[in-house]
Amino acid sequence: MSQALEIEEPNQVASDSKTIFGFWVYIMTDCVLFASLFATYAVLHNNTFGGPSGRQLFSLPFVLTETLILLTSSFSCGLGLLAAHKGEKAKVMAWFGLTFLLGLAFLTLELTEFKHLVSQGDSWRESGFLSAFFTLVGTHGLHIATGLCWMSVMIFQVSRRGLVAANVRRLTLLSMFWHFLDIIWIFIFTIVYLLGVVQP
Amino acid sequence: MKQTNPSDVTFRSYAIGFVLSIALTVEAYVIALNHLAGSAGWALVLALVGLALTQMVIQLIFFLGLGRGPRPKLDLIVFFFMIVVVSILVLGSLWIMYNLNYRMTSPSQINNYLHLQDGI
């Protein structure tokens with residue numbers, strides 16, 4: 001077992017488990033937020049107001065690339081957490097660094113798609129479908145951006161202070177958040193993109 | 001030694017979750033590609049949503065270590081409560097809105113609709 005864990009006090013362990021449970025509750029409430037956006041999207045997705053539908057707008061290979069990048073980042077984030085529990089600082093920095101880069105690549109792709117849509121005149125102002133689409137996918141992107149800020153702070157913290165108990169706890173919460181974002185993306189990938197292209 | 005992290009999630013667990021997730025993603029993608037031309041029935045929608053739900057469960061277990069954290073029971077209770085709320089929210093919204101849609105169409109649209117949907 002790692003050194004970081006052995007030197008922890010029983011109080012520390014109890015308060016850590018409380019923090020982790022609290023964060024879990026937060027994630028569950030965030031699921032409810034996304035569920036309401038999904039419901040909005042499902043209700044509005046046919047209301048294209050004469051404009052383009054998902055079938056004309058979405059490019060499946062592009063979205064598959066995004067999905068695989070985010071999935072890989074979720075995996076590398078998990079490996080980073082494993083290294084944190086073993087007390088291997090260099091590996092933590094490497095895995096979370098990789099996760100950060102993959103997350104940044106994902107966000108860049110998402111913003112590229114938004115920019116492309118807006119530049120060809122299909123912004124959120126055009127139809128109910130596009131409003132719902134931008135709100136749902138944009139909220140996910142906002143979460144990703146927040147996660148990236150958090151991750152860069154954590155990489156800095158670990159490089160300055162090492163893997164102290166507080167940092168390991170924060171990395172645990174961060175990786176929970178990141179896995180959660182990947183799970184939300186599965187549903188965006190399926191419901192918005194795949195079904196959007198398949199359904200006429 | 002007491003566990004402090006939410007997971008005794010190991011490398012093996014992450015690797016299994018990763019491989020299964022990729023397989024499910026690619027499967028959903030291929031199914032969607034194969035049905036680009038034809039009209040999508042409910043079976044296809046259910047298949048794709050089913051694959052997404054499967055992948056969610058896999059990631060919850062293999063990535064997030066659901067049910068293996070420091071407070072597994074509480075975690076699960078909150079999780080299932082969330083599922084209940086989300087189901088009511090999503091299914092309820094769709095049910096109400098489609099019903100409204102059905103009731104608030106104009107007579108000419110309704111004739112058209114009945115002709116298309118119910119063959120009347």
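Predicted model: local features only at pLDDT ≥ 70, side-chain atom pairs only at ≥ 80, totals over all residues.
User: What percentage of the residues in chain B is buried?
Analyst: A residue is buried if 20 or more other C-beta atoms lie within 10 Å of its own. Chain B has 120 residues, and the buried residues make up 22%.

User: What span should helix α1 of chain B have, and how far apart are its end C-alpha atoms?
Analyst: Helix α1(B) covers residues 11-34, which is 24 residues. The expected span is 1.5 Å times one less than the number of residues.

User: Which elements are included in what covers the buried residues of α1(B)?
Analyst: The buried residues of α1(B) include Tyr14(B), Gly17(B), Phe18(B), Ser21(B), Leu24(B) and Thr25(B). In an α-helix there are 3.6 residues a turn, so residues three or four places apart point the same way. The cover of the buried residues in α1(B) comes from both chains and includes α2 (42-62) of chain B together with α4 (60-86) and α7 (165-198) of chain A.

User: Which residues does Ala28(B) touch, not counting residues up to four places away in sequence?
Analyst: Ala28(B) is one of the buried residues of α1(B). Contact here requires C-beta atoms within 7 Å. The residues that Ala28(B) touches, leaving out those up to four places away in sequence, are Leu48(B), Leu51(B) and Ala52(B) in chain B, and Thr190(A) and Leu194(A) in chain A.

User: Which element gives the most residues to the largest nonpolar core?
Analyst: The largest nonpolar core has 67 residues, of which Leu194(A) and Ala28(B) touch the most other members. Elements giving two or more residues to this core are α1 and α2 of chain B, and α2, α4, α5 (89-119), α6 (128-161) and α7 of chain A. The element that gives the most, with 20 residues, is α7(A).

User: Which element gives the most to the side of chain A that touches chain B?
Analyst: The contact takes 43 residues from chain A and 45 residues from chain B. On the side of chain A, the elements that give two or more residues are α2, α4 and α7. The element that gives the most, with 16 residues, is α2(A).

User: Which elements are included in what covers the buried residues of α5(A)?
Analyst: Helix α5(A) has 31 residues and reaches 44 Å from its first C-alpha to its last, close to the 45 Å expected. Among its buried residues are Val92(A), Trp95(A), Phe96(A), Thr99(A) and Glu110(A). What covers the buried residues of α5(A) includes α4, α6 and α7 of chain A.

User: Is Phe49(A) buried or exposed?
Analyst: Phe49(A) lies in the loop between α2 (10-44) and α3 (54-57) of chain A. Its phi is near 55°, a positive value in a residue other than glycine. Most residues other than glycine have a negative phi. Because Phe49(A) has 9 C-beta neighbours inside 10 Å, it counts as exposed.

Conventions:
Residues numbered from 1 in each chain as written. Chains lettered and ligands numbered in written order. Helix = DSSP H or I, 4+ residues; strand = E, 2+ residues; numbered from the N terminus. Buried ≥ 20, exposed ≤ 12 C-beta atoms within 10 Å, placed from the backbone. Contact = placed C-beta atoms within 7 Å. Core = buried A, V, L, I, M, F, W, Y, C linked by C-beta atoms within 7 Å.
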